[in-house]
Amino acid sequence: MTTEAITADAAGTWHIGDLTVRRVGFGAMRLTGSAAFHLGTSSDRDRSIAVLRRAIDLGVDHIDTAAFYFSALRSANELINSALSPYPDGLLIATKVGPFRDYRGEWGTSARPEDLRGHVEENLRQLGRDHLDLVYLRRMRQESIAEHFGALAELREEGLIRHLGLSAVEPRHLAEAQAIAPVVSVQNRYGLGDHDPAAEETLRLCGEQGIAFVPFYAIAGDAGPEGATTAHDDAVLAVAHAHDTTPAKIRLAWTLSRGPHVLAIPGTGNPDHLTENVAAGALRLTDEELARLNTAHRKAGRTPGD
């Protein structure tokens with residue numbers, strides 16, 4: 001079987017609320033430039049649109065985006081709208097609200113609860129939709145998320161949002177939100193090179209409750225928004241060599257091994273990397289390889305910041 005023949009079906013499926021998606025999705029952050037936000041050069045628009053359409057051809061039915069994913073010339077939401085509208089049946093588009101960037105691309109003060117309607121409506125306008133399938137409240141270090149999550153729960157009751165999720169949270173925030181409205185997905189920083197007890201506990205709780213756990217920066221690691229890390233542990237390199245594949249695919253395969261409720265949303269603006277990322281869903285690691293990688297994960301320190 002060639003890499004070209006491997007589709008997102010190989011990774012299996014999981015449910016997000018009443019929606020079923022393949023466990024390998026696509027993160028839109030890297031569509032807009034050589035690095036995320038204003039950190040690189042803007043992408044070629046036609047190429048980014050081709051990547052999105054190729055993702056659908058490969059069976060991807062879960063795209064993660066945000067209105068604040070833009071570079072000097074490109075907007076991830078606009079690219080998604082242009083490439084995929086009218087949207088295919090079964091496609092879940094998830095977005096995040098809370099952070100804010102102004103027209104210059106500079107980060108502004110994160111949203112107050114009363115600002116979240118505007119954030120949701122901006123995503124609706126950019127995506128050309130009447131409702132959003134899944135909206136994550138991205139916690140911006142606040143101790144309590146009750147007011148913010150409550151504001152999104154009201155928008156859900158109005159029909160602007162179908163499902164609610166949380167991002168960058170700890171177990172206490174999950175419990176706080178669940179007292180207000182159902183949480184179908186949690187999106188936290190999590191990867192082979194990151195080890196944080198709160199993240200491990202959140203992953204465990206999500207598994208017990210049937211909540212999707214969607215790591216970000218699973219490939220990027222400590223490089224964060226700038227792209228895939230080049231700092232690979234010896235264990236990752238050894239396993240990659242054994243499978244004659246890339247460290248990035250090993251990191252994705254390990255991520256998916258953490259539980260059937262764990263999804264992957266690798267992002268790229270490169271069609272070849274997209275094909276490789278989707279193919280990672282077919283990669284099966286041996287028990288010995290998993291044990292070696294799990295040991296490396298336990299020894300890893302938490303990368304500072306979100």
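Analyst: A charge sits over a ring if NZ of Lys or CZ of Arg is within 6 Å of the ring centre and within 35 degrees of the ring normal. R101 lies over the face of W107, at 5.5 Å from the ring centre. R101 also lies over the face of F70, where the distance to the ring centre is 4.0 Å. The model is predicted, and local features need pLDDT of at least 70, side-chain atom pairs count only at pLDDT 80 or more, while totals for chains, interfaces and linings use all residues. Residues are numbered from 1 along each chain as its sequence is written, and side-chain values use heavy atoms, with hydrogens and water left out.

User: Why is the pair of F37 and W107 called edge-to-face?

Analyst: Rings of Phe, Tyr and Trp (its six-membered ring) pair if their centres lie within 6.5 Å; planes under 30 degrees apart count as stacked, over 60 as edge-to-face and the rest as tilted. The centres of F37 and W107 are 5.0 Å apart and their planes stand at 80°, so the pair is edge-to-face. The pair links distant parts of the chain, 70 residues apart: F37 is in the loop between β3 and α1, and W107 in the loop between β5 and α3.

User: What makes F37 buried and W107 partly exposed?

Analyst: Buried means under 20% relative accessible area, exposed over 50%, and partly exposed in between (1.4 Å probe, protein chains only). F37 has a relative accessible area of 10%, and is therefore buried. W107 has 40% relative accessibility, so W107 counts as partly exposed.

User: How many aromatic pairs does the rule give, and which residues do ring pairs link into a cluster?

Analyst: The count comes to seven aromatic pairs. F37 and Y69 form a tilted pair, with 6.2 Å centre to centre and 55° between the planes. Ring pairs link F37, F68, Y69 and W107 into a cluster.

User: Which element gives the most to the lining of the second largest pocket?

Analyst: A pocket is an open set of points on a 1 Å grid over the protein atoms alone, where a 1.4 Å probe fits, with protein on both sides within 12 Å along at least five of seven lines; lining residues have an atom within 4 Å of a point. About 340 Å³ of space lies in the second largest pocket. Of its 15 lining residues, the closest to the centre are A67, F100, R101, E122 and Q126. The helix α3 gives the most to this lining, with five residues; helices (H or I, at least four residues) and strands (E, at least two) are DSSP runs, numbered from the N terminus.

How values were computed. Grid points are joined across faces, edges and corners, and a volume is the space filled by probe spheres set on the points.
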